[in-house]
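Subject: The structure I promised you

Hello,

Here is the structure we talked about, ready for you to open. Have a look around, and then read on for what turned up in it.

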Number of protein chains: 2
Amino acid sequence: MKGDGNIGDQEVSTSDAVEAFLADSPVSGEAVADSVGAFIERHKSSGNATSSGRATGPGLGRPIVVVTSGGTTVPLERRCVRFIDNFSAGTRGALSTERFLEAGYAVIFLTRSGSLQPFSQMLPAADPPEIIDRVAMLQPPSAAAAAGSPGPAGADGDSVVIRPEHMAAVARVLRARQACREQGTLLTIKYETIFEYLTYLRLTSELLRPLGPDVMFYLAAAVSDFYIPWSELAEHKIQSADGPLELSLQRVPKMLGELVNKWAPQAFTVSFKLETDQRILVHKAFTALHRYGVHLVVANLLHNRKDVVTLVEPLAAAAAAGAAAADYPAGDSAAAAAEDAAEGVRTVVLQRPSAEPDIERLLIKEVAARHQAFVSEAAR
Amino acid sequence: MKGDGNIGDQEVSTSDAVEAFLADSPVSGEAVADSVGAFIERHKSSGNATSSGRATGPGLGRPIVVVTSGGTTVPLERRCVRFIDNFSAGTRGALSTERFLEAGYAVIFLTRSGSLQPFSQMLPAADPPEIIDRVAMLQPPSAAAAAGSPGPAGADGDSVVIRPEHMAAVARVLRARQACREQGTLLTIKYETIFEYLTYLRLTSELLRPLGPDVMFYLAAAVSDFYIPWSELAEHKIQSADGPLELSLQRVPKMLGELVNKWAPQAFTVSFKLETDQRILVHKAFTALHRYGVHLVVANLLHNRKDVVTLVEPLAAAAAAGAAAADYPAGDSAAAAAEDAAEGVRTVVLQRPSAEPDIERLLIKEVAARHQAFVSEAAR
């Protein structure tokens with residue numbers, strides 16, 4: 001049954017549904033394909049081995065991870081005024097990207113416009129004018145002269161300096177972005193709609209296919225489950241005069257199976273599950289493993305996703321990665337562990353170390369170790 | 001018929017529908033009421049007459065405008081993962097707020113979290129890490145020492161300075177925000193959902209009612225037309241396993257009539273219409289004037305709203321404001337002008353002057369002049 005979905009009364013091949021979805025999409029991915037192609041060229045040349053000493057595949061300077069982030073939108077009109085959105089600030093994707101860069105990866109960051117960007121969290125505020133207020137301050141002409149640095153003046157003759165208490169944070173952001181530019185390790189691709197997201201994901205995965213197991217897909221974006229096909233959308237804004245609004249949304253065909261089985265069958269694929277109800281979370285993660293053949297599922301609950309994540313993986317992969325259950329706090333996962341054995345999967349609960357501001361450092365360490373084991377296994 | 005809506009087969013009093021909506025809302029506005037109350041106290045004291053020399057009402061230091069901005073969301077679950085959103089970057093509200101501050105108003109800025117904030121547009125980028133890259137740069141220790149200002153160093157010993165080419169822009173932002181802080185002229189209230197927006201708007205308007213005509217409501221937010229009552233929302237995320245999703249949304253009761261007739265009946269109210277279809281835009285603006293009794297409608301088309309707006313107002317008000325049609329480029333509004341006479345309204349088309357980066361300076365000049373005439377009229 002892998003790759004097939006049961007939609008309504010009809011058995012519809014997921015492949016056909018996916019093809020129909022993409023054929024209906026109004027998005028052209030040409031510009032994206034060009035930049036992804038150039039990015040791959042840069043990183044597959046074997047001359048640029050990194051200082052991280054990672055075991056990378058033949059001809060590949062760095063392993064490449066595609067990090068998807070933010071929530072996809074579903075337009076309710078063609079000239080889009082209203083849309084259905086999936087809640088996601090993009091924190092997981094942005095922080096994970098920072099950690100993947102630290103770990104020696106080149107990152108293709110497929111991100112919703114306006115969601116959190118890498119290195120944002122190093123800054124003391126989120127909104128642009130507030131950020132400026134927090135990190136910078138006016139310096140009157142007299143003070144600047146006393147310091148021996150009149151510098152370029154503002155309209156009133158005073159200049160602007162970085163506040164001493166934020167100097168280190170701002171310098172960190174600048175250095176991190178400078179390193180990405182110089183090494184060309186971060187490619188940011190922005191999307192808004194489900195149509196853009198899936199079009200870009202498919203073309204990226206197909207372009208990366210020749211690189212085999214050195215590629216990881218880390219699918220942290222919150223992808224819409226339901227949509228209205230472009231061909232059924234009204235051209236203009238829906239009018240409110242005619243009583244209640246009845247919307248009938250179709251299921252978005254599941255792309256995971258296509259990605260794993262067709263678009264990039266040799267890559268290492270990590271998918272995410274976000275639920276609000278603990279009771280169905282782990283079960284849904286099992287389903288993703290068995291139905292779609294992903295290599296690892298990161299399961300989150302909405303209310304504590306910044307402190308706890310559960311890794312769900314096939315038992316064989318866990319053994320290959322040399323992961324030991326004793327390394328992790330067990331939490332209340334005893335019941336889940338019993339279910340594991342029957343289903344041939346195992347769960348590992350990661351908790352944010354109290355000394356760490358975020359859980360992503362630990363998470364990416366675990367994920368990268370599994371990818372490394374996967375690459376070694378594939379090389380045998 | 002004013003204040004009544006025809007919903008389906010039933011005549012339902014809008015007042016009753018509005019009360020039912022607000023009673024069903026899960027939002028408490030206590031913290032917002034406290035800050036709005038303090039803001040009003042500060043600005044109604046007559047001792048603080050402004051330098052702008054505006055004719056303001058008795059006991060009021062500055063006229064107050066409530067600017068609403070951004071789009072409201074409609075949750076599809078209580079623990080909100082999915083929601084329906086209205087497209088709005090918040091540019092109109094943010095830029096208008098800057099112009100109202102320049103014109104001597106105190107502004108209550110009711111804004112969607114994450115949408116554009118005042119003074120953002122003065123900066124060279126929108127995303128936080130990119131903004132830092134654009135306005136700041138690392139200065140190596142040697143350069144800093146040569147300039148005589150070693151200053152506080154980053155982790156690698158280098159410091160950060162503002163780039164000369166952006167010094168003036170950053171200084172402008174800092175001075176503008178500093179002025180708002182010192183004079184207490186900008187109160188920002190953030191909302192996400194339609195429930196928060198309408199709860200905050202009602203309590204703000206009721207608190208402002210005693211100030212009479214000196215208060216303006218400038219309702220630029222994109223407010224949802226349809227919603228699902230809180231009492232009907234599922235607790236957890238809607239599951240996608242069970243085939244297509246059928247959503248039945250109810251109309252959000254029209255609050256405009258309540259605002260104009262009950263919550264703040266003496267205030268000057270400006271509402272906005274955004275459509276994608278020129279043919280229905282002006283007609284809908286007429287309806288807002290006649291059905292809800294607003295004093296001015298700003299009508300926009302999605303595709304050219306940054307270059308052209310159409311003011312729609314009752315003929316009497318236009319005469320009082322001394323506005324002359326000859327002052328404005330007529331565009332293709334001849335047909336609309338003919339219709340005006342029959343309906344007792346007039347339309348004025350504003351076009352962005354080519355020398356101006358935005359249309360808001362012209363728009364706020366026009367709006368403020370009409371408010372001033374309205375205040376003078378009320379004082380007779």
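A residue is called buried when its relative accessible area is under 20%. Please keep in mind that this is a predicted model. With that cut-off, 55% of the 380 residues of chain A count as buried. Chain A holds 12 helices and 16 strands. Its accessible surface comes to about 15700 Å², and carbon and sulfur atoms account for 52% of that. Among the contacts in chain A with a separation of 6 or more, 74% are between residues 24 or more positions apart.

Strand 13 of chain A (residues 268-275) pairs with strand 14 in the parallel sense, over 6 bridges. In that pairing, Lys273(A) stands opposite Ala299(A). Strand 13, helix 9 (residues 278-292) and strand 14 of chain A together make a right-handed β-α-β unit. Strand 15 of chain A (residues 308-314) pairs with strand 14 in the antiparallel sense, over 3 bridges. Here Ala299(A) stands opposite Thr310(A), and a hairpin of 6 residues joins strand 14 to strand 15.

Next, the nonpolar cores. In soluble globular proteins, nonpolar side chains tend to be buried together. The largest nonpolar core in this model has 104 residues, and Phe217(A) and Phe217(B) touch the most other members. Leaving aside neighbours within four places in sequence, the contacts of Phe217(B) include Val66(B), Leu201(B), Leu208(B), Leu259(B), Phe268(B) and Val270(B). A second, separate core has 85 residues, among them Phe109(B), Val135(B), Ala136(B) and Ala171(B).

Val107(B) sits in strand 6 of chain B (residues 106-112). Why does Val107(B) count as buried? Its relative accessible area is 0%, and the cut-off is under 20%. Beyond residues up to four places away in sequence, Val107(B) touches Phe39(B), Val65(B), Val67(B), Thr97(B) and Leu186(B), among others. Met216(B) is 109 residues from Val107(B) in sequence, yet their C-alpha atoms are 9.6 Å apart in space.

The other one is Asp277(B), in the loop between strand 13 (268-275) and helix 9 (278-292) of chain B. Is Asp277(B) buried or exposed? Asp277(B) is buried, because its relative accessible area of 11% is under the 20% cut-off.

Finally, the cysteines. A search of the whole structure finds 0 disulfides over all chains. Cys180(A) counts as buried at 9% relative accessibility, and Cys180(B) counts as buried at 10%.

Enjoy exploring!

Best wishes

Notes:
Residues are numbered from 1 along each chain as its sequence is written. Chains are lettered from A and ligands numbered from 1 in the order in which they are written. This is a predicted model: local features need pLDDT of at least 70, side-chain atom pairs count only at pLDDT 80 or more; totals for chains, interfaces and linings use all residues. Side-chain values use heavy atoms; hydrogens and water are left out. Helices (H or I, at least four residues) and strands (E, at least two) are DSSP runs, numbered from the N terminus. Buried means under 20% relative accessible area, exposed over 50%, partly exposed in between (1.4 Å probe, protein chains only). Contact means heavy atoms within 4.5 Å. Accessible areas come from the Shrake-Rupley method with a 1.4 Å probe; for residues, only the protein chains shown count as cover. Two strands pair if DSSP finds at least two bridges between them. A crossover is right-handed if, with the strands pointing away from the viewer, the path from the first strand over the helix to the second runs clockwise. A nonpolar core is a set of buried Ala, Val, Leu, Ile, Met, Phe, Trp, Tyr and Cys residues joined through side-chain atoms within 4.5 Å. A disulfide is a pair of cysteine sulfur atoms within 2.5 Å.
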